[in-house]
Amino acid sequence: MKFMATNPPTRSPAPAPHSPPSDGAGAVVLERRAQKIQPPQMYQVVMLNDDYTPMEFVVVVLQEFFNKDREAATQIMLKIHLDGKGVCGVYTRDVAATKVDQVLDAAHKAGHPLQCLSEPVE
Ligand code: TYC
């Protein structure tokens, strides 16, 4: 028996384990695959009440960092004032963390004890 490096293959090679299926005539058929990605975990920025931060400062913070109009900002501020805490907005993790930093920084610079935090949304 003679083996030559130039011998043509007698049958087509087996498809690679993860190559798309072929119809045998050279056409490739792509299978529909189930989507595997999940939406990102969202985080809510929660602001806490205190006895010292002026209401007006909280309203301005809600307008400036959470893009609320004056009416919505006032409603959220009053909810926090009455309930002890309230949600300012819902964001992806890094955006929520940035909002918290911005609020704490602005409050610190203005000499107010305003606190806020971010937490995963259920
Ligand atoms: N309780 C504050 C006051 O009476 C107002 C306030 C509202 C403070 C919301 C913080 O997150 C807050 N001046």
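Which residues are buried in α1? Keep that in mind as you load the file, which is a predicted model.

**Stop 1: the helix itself**

Select residues 55-66, helix α1.

Now show side chains. Phe57, Val58, Val59, Val61, Leu62, Phe65 and Phe66 are the buried residues of α1.

**Stop 2: the end of α1**

Step past the helix to Asn67, which follows α1. Asn67 belongs to the loop between α1 and α2. Check its backbone: phi is near 55°, a positive value in a residue other than glycine. Then colour by accessibility. Asn67 has 64% relative accessibility and therefore counts as exposed.

**Stop 3**

Two packed helices are described by the angle between their axes and the distance between the axes.

Show the contact residues next. From α1, pick Met55, Glu56, Val58, Val59, Leu62 and Gln63. From α2, pick Arg70, Ala73, Thr74, Ile76, Met77 and His81. Colour this contact by class: seven residues are nonpolar, three polar and two charged. Val58, Val59 and Leu62 take part in this contact, and these residues are also among the buried ones of α1.

**Stop 4: α1 against α3**

Which angle do α1 and α3 make, and how far apart are their axes? The angle is about 145°, and the axes are 11 Å apart.

On the α1 side, select Phe57, Val61, Phe65 and Phe66. They meet Lys99, Gln102, Val103, Ala106, Ala107 and Ala110 of α3. By class, the contact has eight nonpolar residues, one polar and one charged. Phe57, Val61, Phe65 and Phe66 are also on the buried list of α1.

**Last view**

Show α1 with both partner helices. Val58, Val59 and Leu62 are among the residues of α1 that touch α2. Phe57, Val61, Phe65 and Phe66 meet α3.

Terms used:
Residues numbered from 1 in each chain as written. Predicted model: local features only at pLDDT ≥ 70, side-chain atom pairs only at ≥ 80, totals over all residues. Heavy atoms only, no water. Helix = DSSP H or I, 4+ residues; strand = E, 2+ residues; numbered from the N terminus. Expected span 1.5 Å × (residues − 1). Buried < 20%, exposed > 50% of the residue type's maximum accessible area, 1.4 Å probe, protein only. Contact = heavy atoms within 4.5 Å. Nonpolar A, V, L, I, M, F, W, Y, C, P; charged D, E, K, R; others polar. Axes fitted to C-alpha atoms, helices over the stretch in contact; angles between N-to-C directions.
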